[in-house]
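Subject: The structure we talked about

Hi,

Here is the structure I promised you. Have it open while you read, and follow along residue by residue.

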Amino acid sequence: MKRTPKHKPPGPDTIDALVRIVGASHAIRDEAEMAPYLIEWRDRYRGKAALVLKPGDASEVSSILKLANETTTAIVPQGGNTGLVGGQIPFESGHEVVVSLERLTHVRDIDLASNTMTVEAGLTLAQAQAVAASAGRLFPLSLASEGSAQIGGVLATNAGGTAVLAYGSARELALGLEVVLASGELWNGLKSLRKDNSGYDLKDLIVGSEGTLGIITAAVLRLFPKVAEKVTCMAGLDALETAPAFFARALERAGPALTAFEILPRIGVEFVMRHGQGTRDPFPSPHQWYALFELTSPREDTLLAPLAESLLAKGIEAGEITDAVVATSLSQSEALWRLRELMSEVQKEEGGSIKHDIAVPVASVPEFVARANRLVELMIPGARPVPFGHLGDGNIHYNVSQPPGMERAVFLSNWEALNAAVHEIVLDLGGSISAEHGIGRLKRDLLPHAKQKIELDIMRKIKAAFDPNNILNPGKLL
Ligand SMILES: Cc1cc2nc3c(=O)[nH]c(=O)nc-3n(C[C@H](O)[C@H](O)[C@H](O)COP(=O)(O)OP(=O)(O)OC[C@H]3O[C@@H](n4cnc5c(N)ncnc54)[C@H](O)[C@@H]3O)c2cc1C
């Protein structure tokens with residue numbers, strides 16, 4: 001059942017007053033000009049809006065929400081519009097107002113003693129990484145969408161990526177937030193404390209709330225020492241069943257130096273080699289599975305290469321892996337990572353793809369994949385599972401490509417039924433139906449099956465306490 005929230009459209013007076021807050025040159029009323037804010041990048045979601053507003057600072061965001069709350073105008077916060085669950089796109093009613101944070105791009109502070117930077121929400125993730133690098137530090141959050149995704153967006157979705165294993169997801173990287181609440185009040189929580197046990201953690205509540213509890217306008221982010229030495233390795237495996245043991249071995253021997261551990265199936269590597277320009281198989285013969293992992297250190301003298309070599313040798317001896325390559329140059333490292341980074345993109349070339357972004361305990365990943373693969377074959381014979389992703393976090397992107405030759409639309413008509421059946425396996429294994437991408441519109445109706453009633457009740461009460469008029473991203477998440 002798809003529910004669309006019922007908010008009245010803002011009247012002409014409200015629209016004029018909202019436009020006056022940001023100035024006419026930062027408001028879009030024309031439908032064609034609004035288009036980039038109303039269409040999701042894959043064209044999976046298209047919406048309509050009464051208005052797009054681009055405030056220039058937190059006080060303008062505050063004035064917008066104050067007026068929206070008084071007039072019960074629905075607001076859709078938007079960052080880089082790279083979200084994968086439709087949370088940033090308004091519904092089709094045309095009654096909502098999109099608030100884009102793209103003009104909030106100031107770097108307010110860099111504090112090298114505290115190892116923090118305070119940046120505004122509209123800075124892109126790539127810009128934030130560059131700011132950290134120019135201060136001689138590392139901001140480790142890294143996603144394929146980092147050129148467009150904004151700090152506010154990655155915090156609102158608690159984004160993950162490939163470095164979660166060592167540094168945590170967006171939540172772990174934010175020490176403080178500045179947030180405009182639905183009432184228009186500004187909460188200045190821009191603290192840079194590593195320890196603060198003075199009551200409920202509002203910062204943690206806002207992170208991952210997908211624009212439903214407040215609009216993030218700035219954040220204090222943690223910085224880390226720059227990487228001085230790095231070794232990228234790829235191992236070939238006969239079966240996924242041995243991957244958790246090899247991962248445990250890598251973690252035990254390398255400790256915090258193990259900063260990424262990804263798995264790729266043979267079929268995914270074949271797709272990449274077929275469609276990804278300039279890619280090649282790093283091994284002389286094929287393997288069923290591949291583990292791509294990286295060791296890094298802030299010191300140059302840590303001899304990571306011998307550590308990687310001995311780890312790989314022990315893994316082969318124990319029968320966990322069958323072959324391995326170690327990148328000996330930056331370009332070789334980039335070539336290995338390219339196999340992983342293109343994995344999602346190349347699936348488009350193989351026709352329709354039904355996706356799942358799930359997490360299960362690391363040890364249960366092989367059982368999950370085996371059960372899900374059997375299910376896919378039963379439900380859609382000939383469909384091609386391409387499970388890949390962050391084994392170190394138990395987070396698998398369980399994508400399924402259509403059988404060759406099948407009509408794309410016919411295959412995609414199985415989306416909801418397949419999602420439901422795969423999610424049942426996930427829940428049976430104590431997992432989550434959304435590891436990284438959030439709930440948004442895509443998974444909102446699945447949430448009641450995936451959460452306990454008591455959890456949903458608490459979430460609804462929190463939403464009502466923060467946003468009693470339900471003006472912030474109504475119909476998303478809950
Ligand atoms: C190619 C690609 C690769 C990706 N890889 C990963 C990955 O590895 N890991 C991962 O976790 N995600 C990944 N994502 C999805 C990821 O969620 C987003 O890229 C990113 O976190 C969203 O940032 P954004 O600024 O684009 O937010 P948007 O898409 O604009 O918004 C996302 C949600 O956050 C809300 N929001 C946005 N800004 C604010 C704000 N300032 N205050 C309050 N709410 C706000 C919106 O209302 C919406 O609900 C990927 C996406 C793409 C396209």
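Which element gives the largest share of the shell around the ligand? That is α5, with four residues. This is a predicted model, by the way, so please keep that in mind for everything below.

α5 covers residues 151–156. β3 (75–78) and β10 (214–222) also supply at least two residues each to the shell. Altogether, 34 residues surround the ligand. The closest are Pro 77, Gly 80, Thr 82, Gly 83 and Ser 145. If you sort the shell by class, you get 13 nonpolar, 19 polar and two charged residues.

An oxygen atom of the ligand sits 2.7 Å from a polar backbone atom of Gly 79. At Glu 210, a backbone N or O atom is 3.2 Å from a ligand oxygen. With Glu 436 the side chain takes part: one of its N or O atoms is 3.0 Å from a nitrogen atom of the ligand. And how much of the ligand does the protein bury? On its own the ligand exposes 960 Å², and 92% of that is buried by the protein.

Now for the empty spaces. Rolling a probe the size of a water molecule over the atoms shows where empty space is left. In this structure there are two cavities of 30 Å³ or more.

Two or more lining residues come from each of α8 (202–206), α16 (447–450) and α17 (453–466). α17 gives the most, with three residues. The lining of this pocket splits into 13 nonpolar, nine polar and six charged residues.

Is Thr 279 buried or exposed? Thr 279 has a relative accessible area of 16%, so it counts as buried, since the cut-off for buried is under 20%. You will find Thr 279 in the loop between α10 (266–275) and β14. Its side chain reaches two backbone oxygens: that of Gly 276 at 2.7 Å, and that of Val 272 at 3.2 Å.

Leu 303 is in the loop between β14 (289–297) and α11 (304–317). Its relative accessibility is 59%, so Leu 303 is classed as exposed, the cut-off there being over 50%.

Cheers

Note on methods: Residues are numbered from 1 along each chain as its sequence is written. This is a predicted model: local features need pLDDT of at least 70, side-chain atom pairs count only at pLDDT 80 or more; totals for chains, interfaces and linings use all residues. Side-chain values use heavy atoms; hydrogens and water are left out. A residue is near a molecule or strand if one of its heavy atoms lies within 4 Å of it. A polar contact is a pair of N or O atoms within 3.5 Å; within protein, one must be able to donate a hydrogen and the other to accept it, and residues adjacent in sequence count only if both atoms are side-chain atoms. Accessible areas come from the Shrake-Rupley method with a 1.4 Å probe; for residues, only the protein chains shown count as cover. Ala, Val, Leu, Ile, Met, Phe, Trp, Tyr, Cys and Pro count as nonpolar, Asp, Glu, Lys and Arg as charged, and the others, Gly among them, as polar. On a 1 Å grid over the protein atoms alone, a cavity is a set of points where a 1.4 Å probe fits but cannot get out, and a pocket is an open set with protein on both sides within 12 Å along at least five of seven lines; lining residues have an atom within 4 Å of a point. Grid points are joined across faces, edges and corners, and a volume is the space filled by probe spheres set on the points. Buried means under 20% relative accessible area, exposed over 50%, partly exposed in between (1.4 Å probe, protein chains only).
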